Amino acid sequence: MRIFSALYEWTMRWAEHKLAPKALAVLTFAESVFFPIPPDVLLAPMVLAKPKKAWSLAALTTVSSVIGGIVGYVLGYLMFEPWIQPVITELGYQARFDQVTDWFTRWGFWVVFLAGFTPIPYKLFTVSAGFLQMAFLPFLFASAVGRGMRFFLVAGLIQWGGEKMEQKLRQWVDALGWGVVILAIMAYFLSR
């Protein structure tokens with residue numbers, strides 16, 4: 001089945017749309033607070049579509065993510081018990097949240113930095129930082145550096161790979177897509 005090829009083509013067409021940068025900013029902001037899809041899935045095709053805008057797109061993604069992180073921090077700081085704790089419990093994320101809390105007490109700044117740079121759900125760390133009342137300036141600095149490094153790295157690699165990378169990706173997108181689905185299913189069952 002070539003589901004991922006069709007999705008890839010749709011994403012590439014959308015990446016060239018005049019509203020794509022605004023969509024990227026909104027997606028990135030939302031991902032830092034609550035949305036499950038990482039912004040890389042739109043950033044990468046946008047850089048493929050417009051490689052000369054790689055750095056401005058990475059900057060837009062970084063700024064939007066840090067602003068979303070600030071909102072997550074404020075929500076954690078002000079609204080944890082009445083709003084966020086019930087959602088964490090309802091969605092079954094309490095064990096993950098407890099792990100994040102433990103990491104904060106041990107490593108603070110470095111946890112936010114790593115969450116910003118890696119595929120670990122950044123939103124858990126923004127809310128946790130606020131709830132645990134982490135000092136705001138170190139949180140802001142760790143977020144900006146971690147997220148910036150990640151998004152500039154993605155944009156740089158995609159720009160560097162250019163047209164050859166795009167052709168290879170187009171060729172292998174279905175195999176890669178199904179591989180990710182299989183890994184996600186395996187991870188789900190192994191984590192139970």
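This is a predicted model: local features need pLDDT of at least 70, side-chain atom pairs count only at pLDDT 80 or more; totals for chains, interfaces and linings use all residues.
1. Aspartate 40 counts as buried, because its relative accessibility is 16% and the cut-off for buried is under 20%. Setting aside residues up to four places away in sequence, aspartate 40 touches Pro45, Arg150, Phe151 and Val154.

2. Now a step back to the whole chain. How many helices and how many strands are there in the chain? There are eight helices and zero strands, and read along the sequence the pattern is α-α-α-α-α-α-α-α. The radius of gyration of the chain is 18 Å, close to the 16 Å that the globule rule gives for 192 residues, so the chain is as compact as a globular protein of that length. Along the principal axes, the C-alpha trace spans about 45 × 40 × 25 Å.

3. Of the 192 residues of the chain, 41% count as buried. Among contacts with a separation of 6 or more, 76% come from residues 24 or more positions apart. The chain exposes about 11400 Å², and carbon and sulfur atoms supply 73% of that area. On the charge side, the chain has 16 positive and 11 negative charges, and their mean positions are 8 Å apart.

4. Helix 2 is worth a look for its geometry. Helix 2 runs over residues 20-33, has 14 residues and reaches 20 Å from its first C-alpha to its last, close to the 20 Å expected at 1.5 Å a residue. Which residues of helix 2 are buried? They are Ala20, Leu24, Ala25, Leu27, Thr28, Ala30, Glu31, Ser32 and Val33. You will notice that the list includes Glu31.

5. Next comes alanine 54, placed in helix 4, residues 54-90. Alanine 54 counts as buried, because its relative accessibility is 0%. Leaving aside neighbours within four places in sequence, alanine 54 is in contact with Val47, Ala155 and Gln159. Alanine 54 and valine 154 are 100 residues apart in sequence, yet their C-alpha atoms are 9.2 Å apart in space.

6. Is isoleucine 88 buried or exposed? Isoleucine 88 is buried, because its relative accessible area is 7%. Beyond neighbours within four places in sequence, isoleucine 88 is in contact with Phe80, Tyr93, Gln94 and Phe97. As for alanine 115, it lies 27 residues from isoleucine 88 in sequence and 18 Å away in space, C-alpha to C-alpha.

7. Phenylalanine 104 belongs to helix 5, residues 94-107. Phenylalanine 104 counts as buried, because its relative accessibility is 8%. Leaving aside neighbours within four places in sequence, the contacts of phenylalanine 104 are Val111, Val112, Phe125, Ser128, Ala129, Leu132 and Met134. For one of these, Phe125, the separation from phenylalanine 104 is 21 residues in sequence and 8.6 Å in space, C-alpha to C-alpha.

8. That brings us to helix 7, residues 122-131, which is mostly covered, with nine of its 10 residues buried. The buried residues are Tyr122, Lys123, Leu124, Phe125, Thr126, Val127, Ser128, Ala129 and Gly130. Among them, Phe125, Ser128 and Ala129 are in contact with phenylalanine 104.

9. Leucine 132 is found in the loop between helix 7 and helix 8. Leucine 132 is partly exposed, because its relative accessible area is 33%. Not counting residues up to four places away in sequence, leucine 132 touches Thr101 and Phe104. Leucine 132 and serine 64, in turn, are 68 residues apart in sequence and 23 Å apart in space, C-alpha to C-alpha.

10. My last point is a backbone one. Where is glutamine 133 found? Glutamine 133 is in the loop between helix 7 and helix 8, and helix 8 covers 136-190. Just after helix 7, glutamine 133 takes a positive phi of about 55°. The reason to flag this is that most residues other than glycine have a negative phi. Glutamine 133 is also exposed, because its relative accessible area is 53% and the cut-off for exposed is over 50%.

Note on methods:
Residues are numbered from 1 along each chain as its sequence is written. Side-chain values use heavy atoms; hydrogens and water are left out. Buried means under 20% relative accessible area, exposed over 50%, partly exposed in between (1.4 Å probe, protein chains only). Contact means heavy atoms within 4.5 Å. Helices (H or I, at least four residues) and strands (E, at least two) are DSSP runs, numbered from the N terminus. The radius of gyration is taken over C-alpha atoms; the globule rule is 2.2 Å times the number of residues to the power 0.38. Accessible areas come from the Shrake-Rupley method with a 1.4 Å probe; for residues, only the protein chains shown count as cover. Lys and Arg count as positive and Asp and Glu as negative; His and the chain ends are not counted. The place of a charge is taken as NZ of Lys, CZ of Arg, CG of Asp or CD of Glu. The expected span of a helix is 1.5 Å times one less than its number of residues.
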